[in-house]
Amino acid sequence: MSRKTTRALSTAVLLLLSGSVLAQQLPQLKPDEVIRYRKAGYAFMNWNMAKLKAMLDGSVPFNKDQALAAATSINSTVNSGMGALYTPGSDKDAGNEKTRLKPEFFTQPDKVKEVAGAYRTAGMKLAATAATGDPAQIKPAFDDMGKACKGCHDAFRKD
């Protein structure tokens with residue numbers, strides 16, 4: 001395994017562990033609050049993915065500062081500790097909040113670690129390539145981010 005791969009895996013493991021520690025230190029949230037905050041984070045990330053996609057596919061002119069801002073926002077959301085927003089009971093609708101989280105999320109910890117690691121690695125790679133300002137370098141990293149998102153959706157999202 002290359003030094004870069006080892007470093008990325010080590011970082012992913014540390015982030016997963018820090019998310020677990022953070023979850024224990026946060027105030028107890030009700031399931032509807034957890035769902036609402038989780039959905040808000042993903043909505044913000046989706047908005048930034050849409051902006052970046054539009055620049056990369058030519059729908060809007062490419063702007064390196066806006067591309068970097070979008071990619072940095074995506075990476076920040078990915079690495080914000082959102083794992084703390086997956087608590088028991090948040091796989092069921094609560095209050096006025098609907099969720100698409102499958103219950104399997106809580107019974108497949110190895111799969112969760114796998115998709116979370118890919119998600120975090122893709123976020124870091126996207127931010128790093130966006131810093132180059134080169135759409136040709138950003139596009140494959142953007143595609144990898146989309147694949148990482150899809151990996152989790154396929155495993156753990158109802159639909």
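Which elements cover the buried residues of α2? The legends below take up this helix and its surroundings in a predicted model. Residues are numbered from 1 along each chain as its sequence is written. Local features need pLDDT of at least 70 and side-chain atom pairs count only at pLDDT 80 or more, while totals for chains, interfaces and linings use all residues; side-chain values use heavy atoms, without hydrogens and water.

**View 1. Helix α2 and its cover.** Helices are DSSP runs of H or I with at least four residues, numbered from the N terminus. Helix α2 spans residues 31-56 and reaches 37 Å from its first C-alpha to its last. The cover over its buried residues (buried: under 20% relative accessible area, 1.4 Å probe, protein chains only) includes α3 (64-78), α4 (109-130) and α5 (135-156). Among these buried residues are Val34, Arg38, Met45, Asn48 and Leu52. Just after α2, glycine 58 has a positive phi of about 85°.

**View 2. The largest nonpolar core.** A nonpolar core is a set of buried Ala, Val, Leu, Ile, Met, Phe, Trp, Tyr and Cys residues joined through side-chain atoms within 4.5 Å. This core has 20 residues, of which Met45, Leu52, Ile74, Leu126 and Met145 touch the most other members. Two or more residues come from each of α2, α3, α4 and α5, and α5 gives the largest share, six residues.

**View 3. Surroundings of leucine 52.** Apart from neighbours within four places in sequence, leucine 52 is in contact (heavy atoms within 4.5 Å) with Ala67, Ala70, Ala71, Ile74, Leu126, Ile138 and Phe142.

**View 4. The second core.** A separate core of seven residues includes Leu101, Val112, Val115 and Phe156.

Key. The expected span of a helix is 1.5 Å times one less than its number of residues. Buried means under 20% relative accessible area, exposed over 50%, partly exposed in between (1.4 Å probe, protein chains only).
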